[in-house]
Amino acid sequence: MAKAIGKTNIAVFASGRGSNFNAILSAIKKGKIKANLALLISDNPQARVLEKARRAKIKTLLVKRGDFSSKNDFERVIIEHLKAAKIGLVVLAGYMCILGPEILRAYKNRIINIHPALLPAFKGAHGIRDAFRYGVKISGVTVHFVNEEMDAGPIIAQEALKINEGDSLGSVAARIHKIEHKLYPKAIQRLLARRLRLSGRKVFLKGDLT
Ligand code: GRF
């Protein structure tokens with residue numbers, strides 16, 4: 001059973017450009033997500049998301065894996081920051097480190113991710129490209145809980161996207177991102193409002209996500 005999450009401090013983890021970070025921030029500002037965006041954690045000093053967060057006056061933290069001799073030490077430092085900021089939900093948005101047992105244990109069922117394909121198909125770092133090259137007629141977006149296996153946790157929400165003959169990788173990517181920016185905030189708010197029940201691999205939602 002997913003643990004209840006009340007008025008929550010959220011931490012977003014991101015390594016790249018941060019369009020999902022922006023979408024989440026904007027949904028919070030509009031009151032569509034009832035939470036505080038308390039922290040942005042990145043592992044990549046070049047990530048554009050860092051600049052976006054600073055501009056929005058969100059606290060940022062750069063924690064680089066290479067600065068630690070072990071993954072456990074790396075994650076312990078992250079966990080300390082999460083606890084200090086009283087984070088209740090961790091939202092991965094293009095975070096390129098795979099989370100290990102330390103953090104998964106500390107935040108059991110309180111870490112979610114968004115993936116730009118219909119899981120369990122096209123796992124990994126290039127979901128949009130891999131699905132497009134494979135020639136699928138339908139791809140989409142998945143929001144899921146994070147567990148010890150990459151892109152394999154219980155699925156919270158999915159939305160499909162039809163791929164047309166005239167589509168390019170770029171046009172598909174743009175439409176995928178558009179879906180992400182709507183689906184992720186909705187899924188986050190459902191989770192925060194406790195409008196779901198986790199039973200084994202299955203997540204039951206009360207009402208649909210539209
Ligand atoms: C998104 O496509 C997300 O699905 C994947 O990483 C990408 C992050 O994009 N996990 P952005 O940094 O939020 O723009």
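The model is predicted. Elements giving two or more residues to the shell around the ligand are α1 (19–29), β5 (111–115) and α6 (169–192).

**Ligand surroundings**

- The residues around the ligand are Arg 17, Gly 18, Ser 19, Asn 20, Gly 94, Ile 114, His 115, Pro 116, His 177 and Glu 180.
- By type, this shell holds 6 polar, 2 nonpolar and 2 charged residues.

- A polar backbone atom of Gly 18 lies 2.8 Å from an oxygen atom of the ligand.
- Asn 20 also has a polar backbone atom 2.8 Å from an oxygen atom of the ligand.
- At Ile 114, a polar backbone atom is 2.9 Å from a nitrogen atom of the ligand.

**Helix α6**

- Helix α6 has 24 residues, and at 1.5 Å a residue it should span 34 Å.
- After α6 comes Arg 194, with a positive phi near 60°.

**Backbone features in the loops**

- Most peptide bonds are trans, and most residues other than glycine have a negative phi.
- The peptide bond from Leu 119 to Pro 120 is cis, and its omega is near 10°.
- Pro 120 is placed in the loop between β5 and α5 (127–134).
- Asn 109 is a residue other than glycine with a positive phi, near 60°.
- The loop that holds Asn 109 runs between α4 (101–106) and β5.
- Arg 194, likewise a residue other than glycine, has its positive phi near 60°.
- Arg 194 belongs to the loop between α6 and β8 (196–199).

Notes: Residues are numbered from 1 along each chain as its sequence is written. This is a predicted model: local features need pLDDT of at least 70, side-chain atom pairs count only at pLDDT 80 or more; totals for chains, interfaces and linings use all residues. Side-chain values use heavy atoms; hydrogens and water are left out. A residue is near a molecule or strand if one of its heavy atoms lies within 4 Å of it. A polar contact is a pair of N or O atoms within 3.5 Å; within protein, one must be able to donate a hydrogen and the other to accept it, and residues adjacent in sequence count only if both atoms are side-chain atoms. Helices (H or I, at least four residues) and strands (E, at least two) are DSSP runs, numbered from the N terminus. Ala, Val, Leu, Ile, Met, Phe, Trp, Tyr, Cys and Pro count as nonpolar, Asp, Glu, Lys and Arg as charged, and the others, Gly among them, as polar. The expected span of a helix is 1.5 Å times one less than its number of residues.
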